[in-house]
Amino acid sequence: MPEPQSNSTLRYRQAVQLQNTQRLDEAENAYRALLVDVPTLWQAWYNLGLLYQHRAAFAEAENSYRKAIALNGQLAEAHNNLGNVLRAQGRPADAVECFRRALSRNPALAQAAFNLGSVQQALGRHDAAIVAFRQVVSREPRFTLACDGLWRSQLAMGKSDDAAQTFLQWEKVALSSPELVLAGLNSARAMADPGRESHYLALALDWPFEAATPAQISPILALLQYFDVTQADLLRAYK
């Protein structure tokens, strides 16, 4: 991000250094003092938004990002982050508009396209989610969560053939991940592919990843009961 070109540069750099070293209270005070003297410094407003977002102080983050956008409306990252803050405050429709504005400023901002797809999916707008996730995957085919989101929205719309193709393309380029394993188990069964099924079943049982999150545990256990798995293997997977 470009630095301000004025006699405020040194103070701005000091505030950034404080923020980068997690001295957030001091960084907040430094930005605030700087903005009293130079209220048009959009970089400081943006960084203050990041600081508040990190603290989950979403109302303050929203205000800071809006100030930055008012001063520099072309800053795609500020629109994207504002969307995340609004979504965290339970305002998904407003978040959608922010993500769209971010993409209008920078169509290559994959995180904004992913965020747009994610919130559309949460709203049950799977057709719109598919468009957004495709935009991400076309640029970053290894973006695991975007591949997973695309696959899930296709399934939700009954587009099983499209979902199978998405999975196969994803599988070609992806590193192994919990999302790929869960999709692999579903897809192998749907495609009647015993070899692929055995591969992903072994991964699900051995789970060579970090401990499963609560959101992953339920679908894993729900899937495994449809496979020929012993009680001992189920217990091993649960542990």
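In the predicted model, the crossing of helix 5 and helix 7 is left-handed. Two packed helices are described by the angle between their axes and the distance between the axes. For helix 5 and helix 7, the latter spanning residues 110-122, the packing angle is about 25° and the axes lie 10 Å apart. Because angles under 35 degrees count as roughly parallel, helix 5 and helix 7 are assigned to that class.

The contact between the two helices is formed on one side by Asn-80, Asn-84 and Arg-87 of helix 5. These residues meet Gln-111, Ala-112, Asn-115, Ser-118, Val-119 and Ala-122 of helix 7. Sorted by class, the contact of helix 5 with helix 7 comprises three nonpolar, five polar and one charged residues.

Helix 5, which covers residues 76-88, also contains His-79. The relative accessibility of His-79 is 4%, so this residue counts as buried, the cut-off being under 20%. Leaving aside residues up to four places away in sequence, His-79 touches Ile-69, Gly-73, Cys-98, Arg-101, Ala-102 and Arg-105.

Cys-98, one of the residues touched by His-79, has a relative accessibility of 1% and therefore counts as buried as well. Cys-147 is likewise classed as buried, because its relative accessibility is 3%. With a disulfide taken as a pair of cysteine sulfur atoms within 2.5 Å, the count for the model is zero disulfides.

Technical notes
Residues are numbered from 1 along each chain as its sequence is written. This is a predicted model: local features need pLDDT of at least 70, side-chain atom pairs count only at pLDDT 80 or more; totals for chains, interfaces and linings use all residues. Side-chain values use heavy atoms; hydrogens and water are left out. Helices (H or I, at least four residues) and strands (E, at least two) are DSSP runs, numbered from the N terminus. Buried means under 20% relative accessible area, exposed over 50%, partly exposed in between (1.4 Å probe, protein chains only). Contact means heavy atoms within 4.5 Å. Axes are lines fitted to C-alpha atoms, for helices over the stretch in contact, and angles run from 0 to 180 degrees between N-to-C directions. Angles under 35 degrees count as roughly parallel, over 145 as roughly antiparallel, 65 to 115 as roughly perpendicular and the rest as oblique. A crossing is left-handed if the near helix is turned anticlockwise from the far one by less than a right angle, and right-handed if clockwise. Ala, Val, Leu, Ile, Met, Phe, Trp, Tyr, Cys and Pro count as nonpolar, Asp, Glu, Lys and Arg as charged, and the others, Gly among them, as polar.
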